[in-house]
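Let's take a walk through this one together, fold first and details after.

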There are 2 protein chains.
Amino acid sequence: MKPLLLLFLLFLPLFSIASQDPHILPRPLILELPSHGGTEPSIAGSAGGEAEEEGEESAELRRLRCSSWRFAAEANNLGPWKTVPADCAGYVREFMTGRAYKSDLEIVAQSAAAYARSVRLAGDGMDVWVFDVDETLLSNLPYYADHGYGHELFDAHEFDKWVEKSIAPAIQSSLKLYEEVRALGFKVFLLTGRSEGHRTFTVENLKKVGFQDWDRLILRGPDDRGKPATMFKSEKRREMEVDGYRILGNSGDQWSDLLGSSLSNRSFKLPNPMYYIP
Amino acid sequence: MKPLLLLFLLFLPLFSIASQDPHILPRPLILELPSHGGTEPSIAGSAGGEAEEEGEESAELRRLRCSSWRFAAEANNLGPWKTVPADCAGYVREFMTGRAYKSDLEIVAQSAAAYARSVRLAGDGMDVWVFDVDETLLSNLPYYADHGYGHELFDAHEFDKWVEKSIAPAIQSSLKLYEEVRALGFKVFLLTGRSEGHRTFTVENLKKVGFQDWDRLILRGPDDRGKPATMFKSEKRREMEVDGYRILGNSGDQWSDLLGSSLSNRSFKLPNPMYYIP
């Protein structure tokens with residue numbers, strides 16, 4: 001029953017505290033990706049490669065540590081990370097392809113729907129639900145299946161090619177929630193880190209898999225390049241507020257979809273142990 | 001591969017959106033406990049009692065759903081809840097008494113320590129780390145072992161009697177973090193929802209299990225009674241800021257330790273699937 005001594009190698013950002021404006025970002029967030037440190041952090045001090053033979057005890061221990069890593073990621077306890085820890089590549093693949101990911105998605109969508117039904121809308125058409133797109137409405141799992149489920153370093157060029165195919169499937173629990181909040185009378189705004197140049201592909205993809213009649217689709221314009229997602233999305237939510245909208249719900253798989261400023265009244269964090277967007 | 005149809009019975013608050021001041025509470029939080037709904041929510045539509053026999057498939061499915069419930073709780077996706085769902089009582093007991101809870105605690109403490117080491121302190125004695133007490137520095141697991149690990153409704157009178165024994169053990173990973181941040185030069189402020197009347201018991205307990213030389217111990221005074229923890233703790237953090245302190249780290253097992261206003265630069269959410277404090 002001794003606490004396990006886990007040598008959790010974190011790659012740390014050397015960021016300046018002072019550079020964070022607490023008014024823009026009222027909640028703790030490190031915005032800069034680490035400029036150093038391994039891109040394949042390990043959660044075990046002396047763990048071998050995945051292919052290495054290991055006993056049942058060691059496999060169980062690894063599973064336990066990877067589960068704790070996932071909890072820490074989902075509760076926003078980790079600093080920025082570039083890839084899934086090497087030791088947890090198999091764990092994350094199992095999580096994403098097994099029943100657990102879908103089960104987690106279902107419960108979040110059900111919590112969100114229950115909240116949506118509990119809200120009394122003003123009836124003036126100014127109550128908004130914001131949805132992120134990738135890993136929130138659309139699933140890029142077929143892409144990540146070919147790229148190690150977050151174990152490989154993100155390749156923007158390769159991912160762009162995938163986006164331009166417009167074939168990402170819908171996350172079914174999100175589609176159901178989407179339809180329910182629309183039926184309840186919320187305005188639906190889609191707010192994505194995809195670039196304006198991908199608008200047509202994104203619209204085609206969304207429509208093809210069942211998403212209809214959103215009220216706004218907001219993508220990154222030329223002025224938004226290089227902005228951390230937290231800042232870009234906070235600015236866009238601020239514009240909604242300036243236009244008189246009330247943001248009552250927000251669904252996203254990244255904390256950078258949900259935190260910052262001009263926050264939604266309630267936010268819903270969908271699971272995603274594959275990547276981290278600051 | 002069809003999504004599991006989970007009949008997740010949420011007990012919903014009928015709260016007023018308008019009653020939440022977004023300036024006091026920049027992040028979505030429902031502050032009022034639900035005034036109706038079951039206190040023993042079930043995560044399965046037709047689940048029997050815990051003692052009921054069930055097949056392996058059904059036990060695995062329950063485990064999966066309870067794991068998703070825990071994820072949703074830890075990512076702050078659920079509304080306020082009064083007890084662990086009846087179906088998940090066994091799951092939470094296993095989690096708390098097995099290796100998983102300690103493993104989760106370890107990784108959070110290690111993330112926090114890594115962050116603490118990465119910060120350049122100003123050296124003027126004004127850099128602060130805030131710690132919550134219950135389930136953050138001290139473990140009430142012996143109490144909850146006698147009270148269903150969160151499956152029973154919280155009994156303030158019984159819990160007071162426990163607090164007055166001053167025998168809660170230290171959470172070892174937190175003690176290590178506590179000592180490290182002190183050694184690094186942080187001021188350490190303890191901010192707890194315990195009442196001022198429990199100061200002596202709390203000091204005795206903390207010292208007995210190894211916590212030494214904190215700079216402030218802030219408890220609920222007579223004016224703080226009935227305030228949601230988010231508000232009470234935000235006000236106290238605001239007072240620290242007014243005194244010129246910079247809150248660089250905050251460790252707590254409840255989102256109400258970490259959210260609200262006057263937020264810490266980084267926050268660390270310790271696991272706690274046993275209870276929810278608004």
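What follows is a short tour of a predicted model, from the overall layout down to single residues.

## Chain A at a glance

Start with the big picture. Chain A has nine helices and five strands. Reading from the N terminus, the order in chain A is α-α-α-β-α-α-α-β-α-β-α-β-α-β.

Of the 278 residues in chain A, 56% are buried. If you look at contacts in chain A between residues at least 6 apart in sequence, 71% of them join residues at least 24 apart.

## The sheet in chain B

Now hop over to chain B. Here five strands make an open sheet, ordered β3-β2-β1-β4-β5, and the pairing is parallel. The edge positions go to β3 (216-220) and β5 (266-269) of chain B; each has a single partner strand, so one side of each has no neighbour in the sheet. From one strand to the next, the twist averages 20°.

For a closer look, pick β1 (residues 127-131) and β4 (residues 246-252) of chain B, which pair in the parallel sense over five bridges. Within that pairing, Val130(B) sits opposite Asn250(B) in β4(B). Helix α3(B) packs on the sheet and touches β1, β4 and β5 of chain B. The direction of α3(B) makes about 165° with that of β5(B).

## Two helices side by side

Helix α3(B) has another partner to check out. Two packed helices are described by the angle between their axes and the distance between the axes. For α3 (residues 99-118) and α6 (residues 172-184) of chain B, the axes come within 9 Å and cross at roughly 5°. Angles under 35 degrees count as roughly parallel, and α3(B) and α6(B) are therefore roughly parallel to each other.

Which residues in α3(B) meet α6(B)? On the α3(B) side they are Leu105(B), Glu106(B), Ala109(B), Ala112(B), Ala113(B), Ala116(B) and Arg117(B). Facing them from α6(B) are Ser173(B), Leu177(B), Glu180(B), Val181(B) and Leu184(B). By type, the residues of this contact split into eight nonpolar, one polar and three charged.

## The disulfides

How many disulfides does the structure hold over all chains? There are two. In chain A, Cys66(A) and Cys88(A) are linked, with their sulfur atoms 2.1 Å apart. That link is left-handed, with -90° about the S-S bond. Cys66(A) lies in helix α1 (residues 56-74) of chain A and Cys88(A) in the loop between α1 and α2 (89-97), so the pair ties together parts that are 22 residues apart in sequence. Are these cysteines, Cys66(A) and Cys88(A), buried or exposed? Both Cys66(A) and Cys88(A) are buried.

Chain B has a disulfide as well, joining Cys66(B) to Cys88(B), S to S 2.1 Å. The link of Cys66(B) and Cys88(B) is left-handed, with -90° about the S-S bond. Cys66(B) is in helix α1 of chain B and Cys88(B) in the loop between α1 and α2, 22 residues apart. As for solvent, Cys66(B) is buried, with a relative accessible area of 0%, and Cys88(B) counts as buried at 0% relative accessibility.

Technical notes: Residues are numbered from 1 along each chain as its sequence is written. Chains are lettered from A and ligands numbered from 1 in the order in which they are written. This is a predicted model: local features need pLDDT of at least 70, side-chain atom pairs count only at pLDDT 80 or more; totals for chains, interfaces and linings use all residues. Side-chain values use heavy atoms; hydrogens and water are left out. Axes are lines fitted to C-alpha atoms, for helices over the stretch in contact, and angles run from 0 to 180 degrees between N-to-C directions. Helices (H or I, at least four residues) and strands (E, at least two) are DSSP runs, numbered from the N terminus. Angles under 35 degrees count as roughly parallel, over 145 as roughly antiparallel, 65 to 115 as roughly perpendicular and the rest as oblique. Contact means heavy atoms within 4.5 Å. Ala, Val, Leu, Ile, Met, Phe, Trp, Tyr, Cys and Pro count as nonpolar, Asp, Glu, Lys and Arg as charged, and the others, Gly among them, as polar. Two strands pair if DSSP finds at least two bridges between them. A disulfide is a pair of cysteine sulfur atoms within 2.5 Å. Buried means under 20% relative accessible area, exposed over 50%, partly exposed in between (1.4 Å probe, protein chains only).
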